[in-house]
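Keep the sequence and the 3D view side by side as you read.

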Amino acid sequence: MNEFKAPKGTRDIFPPEIQKWQFLERAIHDYYQKFLYQEIRTPIFEHSELFSRGIGDETDVVQKEMYTFKDKSDRSLTLRPENTAAVVRAAIENNLFETVAPLRFYYIGPMFRYDKPQKGRYRQFQQFGIEVFADESPQLDAEVIFSAVDFLKNLQITDIRLELNSVGCPQCRPAYLDVLRRAASAEKNKFCADCQRKIDGNALRIFDCKLPACAETAGRLPLISDHLCPACRDHFAAVRETLNCMNVPFQLNPRLVRGLDYYTKTAFEVTSGQLGAQNALLGGGRYNNLIKELGGPDMACIGFAAGMERIVLHLDHLALPRAKNLFVAYGDHQWLAHAIQLAQVLREEGYPVYLDYQGKNLKKQFKKADRVAAAFTLVLAEDEVKTASVSVKNMASQEQIKISLKDLNAWLKKNY
Ligand code: AMP
């Protein structure tokens, strides 16, 4: 029996699945650089208070899901459960608002939540996300949402549903929360203990509860969409109008409040028809007060985060290009030095090349060439070395021809 196993809720990623991850990561870099986003990398752990202040003390993430520990100097640190608060922290601390333009960032990296593991839900999972600072235009909200949907479509993920809501702002939300609290208190005993606590704290978080009885009762509660102030109503109308003009279909979901406290105005989520219970592919929205809340300037922001494990589950149908490897074989150990030089030259030309230093005989090397999926095996033996040539075997057709070394690159360029 194996003594060590990966901790619950974590997983190893290795070939062939890793190919899909590399493909997805490249797609993220390529796609978002088209919109002038720049990559940002922040630490895996931060001071715990950043998340309790940024995400909200009453959220499930902060209450139940954080990996928090004391370091040797008795500081409370937390493995990041999401990355928006950290990106905002980095922007404030490094004064990026003054020094980087445009203020559009994307990130790719692991997040940690003490969630109940199941398919598509892990304790260490990978997110990519974008954050745009300093623009309050509703058209930007639409562009951000468009990019999320368009990115998925480019990956041929089409069975998706975009849900949209506005969660109001500090002008209209307090009055709505009073109305909500009164209505929820009237049905208090129908809620679980957790939700009952939320009624008196942050009542909006009641909508996050997944228990059927709570969800049913919450379904009868007043909706934020009926309590928006004129500014939020106008903003939301302009977002919907721009999405229509961009041909992005969406469904209004007045109960979509997202699980994190920092959202204001636009909130959205994209779900997949192909996943089971964990069907959310990405979610995001505006968070116009977070920068100020964390000690920075009063500046509007919008962003989203996407679950990469869940996107990878959709990539099976994509015909990922198979690596066309070259294998350099030698008839006898005395030709190994020539083989090493040939492999070096080929790699400099950009080809992926494998050389088996332990190659006992040609038969064994050909077997190895099959195992590393070589498209061609290039054989050096006495005759080839004497005539400055190489025998090239096409591993699929088994045809073999001899080519002089000086013509090899041109031949490969044509036939590779
Ligand atoms: P959130 O940061 O909660 O808004 O989540 C954004 C996206 O991250 C979700 O839509 C999921 O795709 C993904 N996600 C969140 N939690 C997990 C998890 N525990 N395991 C895998 N993916 C997750």
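Ala, Val, Leu, Ile, Met, Phe, Trp, Tyr, Cys and Pro count here as nonpolar; Asp, Glu, Lys and Arg count as charged; the others, Gly among them, count as polar. With those classes, the shell around the ligand divides into six nonpolar, three polar and five charged residues. Bear in mind that the model is predicted.

Start at the ligand. In total, 14 residues surround the ligand. The closest are Arg 113, Asp 115, Tyr 122, Arg 258 and Ala 280. The side chain of Asp 115 places an N or O atom 2.9 Å from a nitrogen atom of the ligand. For Arg 258, a side-chain N or O atom is 2.4 Å from an oxygen atom of the ligand. Leu 282 takes part through its backbone: an N or O atom there lies 3.4 Å from a ligand oxygen. How much of the ligand does the protein bury? Taken alone, the ligand exposes 480 Å², and the protein buries 91% of that.

Next, see which elements build the shell. Strand 6 (124–133), strand 10 (280–286) and strand 11 (301–307) each give two or more residues. Strand 10 gives the most, with three residues.

Now place these strands in their sheet.

Step back to the whole chain. The domain assignment gives domain 1 (17–172 + 228–317) and domain 2 (325–415). Their C-alpha centres lie 48 Å apart.

Finish with strand 14 (residues 374–380). Is this strand covered or exposed? It is mostly covered: seven of its seven residues are buried. Strand 14 has two pairing partners to trace. Strand 12 (residues 325–330) runs parallel to strand 14, joined by six bridges. There, Val 328 stands opposite Leu 378. Strand 15 (residues 389–394) pairs with strand 14 in the antiparallel sense, over four bridges. In that pairing, Phe 376 stands opposite Asn 394. Strands of a sheet pair through backbone hydrogen bonds, either parallel or antiparallel.

How values were computed:
Residues are numbered from 1 along each chain as its sequence is written. This is a predicted model: local features need pLDDT of at least 70, side-chain atom pairs count only at pLDDT 80 or more; totals for chains, interfaces and linings use all residues. Side-chain values use heavy atoms; hydrogens and water are left out. A residue is near a molecule or strand if one of its heavy atoms lies within 4 Å of it. A polar contact is a pair of N or O atoms within 3.5 Å; within protein, one must be able to donate a hydrogen and the other to accept it, and residues adjacent in sequence count only if both atoms are side-chain atoms. Accessible areas come from the Shrake-Rupley method with a 1.4 Å probe; for residues, only the protein chains shown count as cover. Domain bounds come from an automatic or database domain assignment. Buried means under 20% relative accessible area, exposed over 50%, partly exposed in between (1.4 Å probe, protein chains only). Two strands pair if DSSP finds at least two bridges between them.
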